[in-house]
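Here is a short walk through one protein model. Keep the viewer open and follow the side chains.

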Amino acid sequence: MSERNRATVAVTGVTGALGGRIAPRLAGLGVPQLLVGRSPDRMPDLPGAQRRGPAAYADADAMRKALQGASTLILVSGHRTGRRLEEHATAVEAAIAVGVERVLYVSLVGAAPVATYLNARDQWATEQFLAGAGIRYTVLRAGFYTSTPAALADEEFVVSGPARTGRAAFVTHEDIADVITAVALDDGPGHDGATLEITGPEALTLGEAVTRIAAATGRPYRFEPETVEEAFARRWRTGMSGEQIETWISWYQAIERGEIAAVTDVVPRLTGSPATPVADAAWWPAPNTARGVA
């Protein structure tokens, strides 16, 4: 690894499922890091890493202080708040103010101004902001997580939603983290301005994906398709807010409409290893653990 590649990398979201996989990979490769977030006490203790914060994306002063000394910022998207673009923009502007040279932004496959999945609209807006921000950047669009159907299951391991025939190229957290790590290590101009869509090796229906999850875990997962009306009524009875219901139904509908079915070669091309099939995923969450709004 060159001295250039040893420049300090700031990583956000390290207490979460994705940032919490990226930071250990970089630490294992000897990359100096700044771990940035709202809860420094929850951050991992990694060699060559400094904990910085508390620093929320919307807090410009705290972000400037936390990012001081970084060359690259890995910006893992924040949760949907209604002001996600403004929060991301504040974090990027703070990075520019203290001399950060490039931003690696973790977006979503299917990001578009009228994307069916509501979260993908926020991601598209941040991508547009980055394109005009005057800093080197790479957009890393993550596909829908392989683990999400398992987390959506109820206590009887049933996954239900309005997506009968549509397909998605589900991708593991590990593969996404490997791609982001590879891009972080390559500080040349090759990825500047690029949009990299990170997907699994095949596009599956939810029924097919859940069947594979059942075989991999030995648990009786099964998929039961619903109409949109049935999906709304069931979630409303569980006490979900209207915003949560709308977001989750849009997740299923994005699959049904084929908006995240494309399979790319980004994982094998950048990591040197094939993308991980659903059946070979390394981690499965417990049922009923998916966030209502992501």
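At 1% relative accessibility, tyrosine 252 counts as buried, since the cut-off is under 20%. The model is predicted. Tryptophan 251 is buried too, with a relative accessible area of 3%. The ring centres of tryptophan 251 and tyrosine 252 lie 4.9 Å apart. Their planes meet at 85°, so the pair is edge-to-face. Both residues belong to one aromatic cluster, together with Tyr117, Phe144 and Trp248.

The aromatic pairs number six. One of them joins phenylalanine 157 and tyrosine 221, with ring centres 5.0 Å apart. The planes stand at 80°, so this pair is edge-to-face. Phenylalanine 157 sits in the loop between helix H5 (148–152) and strand E7 (158–161). Tyrosine 221 sits in the loop between helix H7 (206–217) and strand E9 (222–225). The pair therefore ties together parts 64 residues apart in sequence. Phenylalanine 157 and tyrosine 221 are both buried.

Now turn to helix H1, residues 19–28. Its buried residues are Gly19, Arg21, Ile22, Ala23, Leu26 and Ala27. Their cover includes strands E1 (9–12), E2 (33–36) and E4 (72–76), and helix H6 (173–185). After H1 comes glycine 30, with a positive phi near 80°.

How do H1 and H6 pack? Their axes are 9 Å apart, at an angle of about 45°. The two helices are therefore oblique to each other. Their crossing is right-handed. H1 makes the contact through Arg21, Ile22, Arg25 and Leu26. The H6 side includes His173, Ala177, Ile180 and Leu185. By class, the contact has six nonpolar, two polar and four charged residues.

Note on methods: Residues are numbered from 1 along each chain as its sequence is written. This is a predicted model: local features need pLDDT of at least 70, side-chain atom pairs count only at pLDDT 80 or more; totals for chains, interfaces and linings use all residues. Side-chain values use heavy atoms; hydrogens and water are left out. Buried means under 20% relative accessible area, exposed over 50%, partly exposed in between (1.4 Å probe, protein chains only). Helices (H or I, at least four residues) and strands (E, at least two) are DSSP runs, numbered from the N terminus. Contact means heavy atoms within 4.5 Å. Axes are lines fitted to C-alpha atoms, for helices over the stretch in contact, and angles run from 0 to 180 degrees between N-to-C directions. Angles under 35 degrees count as roughly parallel, over 145 as roughly antiparallel, 65 to 115 as roughly perpendicular and the rest as oblique. A crossing is left-handed if the near helix is turned anticlockwise from the far one by less than a right angle, and right-handed if clockwise. Ala, Val, Leu, Ile, Met, Phe, Trp, Tyr, Cys and Pro count as nonpolar, Asp, Glu, Lys and Arg as charged, and the others, Gly among them, as polar. Rings of Phe, Tyr and Trp (its six-membered ring) pair if their centres lie within 6.5 Å; planes under 30 degrees apart count as stacked, over 60 as edge-to-face and the rest as tilted.
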